[in-house]
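Visitor: I have just opened this one and would like someone to walk me through it. Could we start with one part and then step back?

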Amino acid sequence: MEPQTADGMRRPAGLWLLTVVLLTSPALHLLALLFDTRWLNFGSRHPWDAFVYFAIAPVVGALMMRRHERARFSVYVFLSCEILRAIRIQSWALGLLAATAILYLQLPAPRRFHPSVDPRKVMARLRLRRHAS
């Protein structure tokens, strides 16, 4: 696992797993395409699904890896879209995994490691941009 971060926190194992899956999703999708198989939604031939797994998922994974302030929000959006995708392709397994990951993010350790966006900071940044223009 990762050594402690500057603030003394360790990345919980579940966050490691989610981050690794997001970062490796291009490889998983490519393997599923090469072997002409479907696993969850990996291997889908829809262009949008390829875009999601080749581009969007790794970006979300990178945000999580860097502990970006918007990582948590990005993961929620990505997983919510996965639930909608699961409904579209009728994959209970994909929907269940995405919903479980969302619920996992509500536990105390993941919430401490990836805190929610602070609305005061966002508003302060917006005010600074408006005054700088």
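**A walk through the helices**

Guide: Let us begin with α1, whose buried residues are Leu-15, Trp-16, Leu-18, Thr-19, Leu-22, Ser-25, Pro-26, His-29, Ala-32 and Leu-33. Please keep in mind that this is a predicted model.

Visitor: And what covers the buried residues of α1?

Guide: The cover includes α2 and α3, together with α4, which spans 92–104, and α5, which spans 108–113.

Visitor: How many residues does α1 have, and how far does it reach?

Guide: There are 22 residues in α1, and the distance from its first C-alpha to its last is 30 Å, which is close to the 32 Å expected at 1.5 Å a residue.

Visitor: Where is the kink in α1?

Guide: The kink lies at Thr-24, shortly before the proline Pro-26, and comes to about 55 degrees. Pro-26 is also one of the buried residues of α1.

Visitor: What follows α1?

Guide: After α1 comes Asp-36, which has a positive phi, near 50 degrees.

Visitor: Let's move to α2. Which residues of α2 are buried?

Guide: In α2, which covers residues 47–65, the buried ones are Asp-49, Val-52, Tyr-53, Ala-57, Pro-58, Val-60, Gly-61, Leu-63 and Met-64. These buried residues pack against α1, at 13–34, and against α3, at 71–89.

Visitor: Where is the kink in α2 centred?

Guide: It is centred on Tyr-53, with an angle of about 35 degrees, and Tyr-53 is also among the buried residues of α2. From its first C-alpha to its last, α2 reaches 26 Å with its 19 residues, close to the 27 Å expected at 1.5 Å a residue.

Visitor: Which residue just after α2 takes a positive phi?

Guide: That is Arg-67, with a phi of about 60 degrees.

Visitor: Stepping back now, how many helices and strands does the protein have?

Guide: The protein has six helices and zero strands, and its C-alpha atoms fill a box of roughly 50 × 40 × 25 Å along the principal axes.

Visitor: What share of the residues counts as buried?

Guide: Of the 133 residues, 35% count as buried. As for contacts in the protein with a separation of 6 or more, 63% are between residues 24 or more positions apart.

Visitor: What about the surface and the charges?

Guide: The accessible surface comes to about 8,600 Å², and 70% of that belongs to carbon and sulfur atoms.

Terms used. Residues numbered from 1 in each chain as written. Predicted model: local features only at pLDDT ≥ 70, side-chain atom pairs only at ≥ 80, totals over all residues. Heavy atoms only, no water. Helix = DSSP H or I, 4+ residues; strand = E, 2+ residues; numbered from the N terminus. Expected span 1.5 Å × (residues − 1). Bend = angle between axes of the 7 residues up to and from the residue. Buried < 20%, exposed > 50% of the residue type's maximum accessible area, 1.4 Å probe, protein only. Contact = heavy atoms within 4.5 Å. Areas by Shrake-Rupley, 256 points an atom, 1.4 Å probe, with all protein chains shown as cover.
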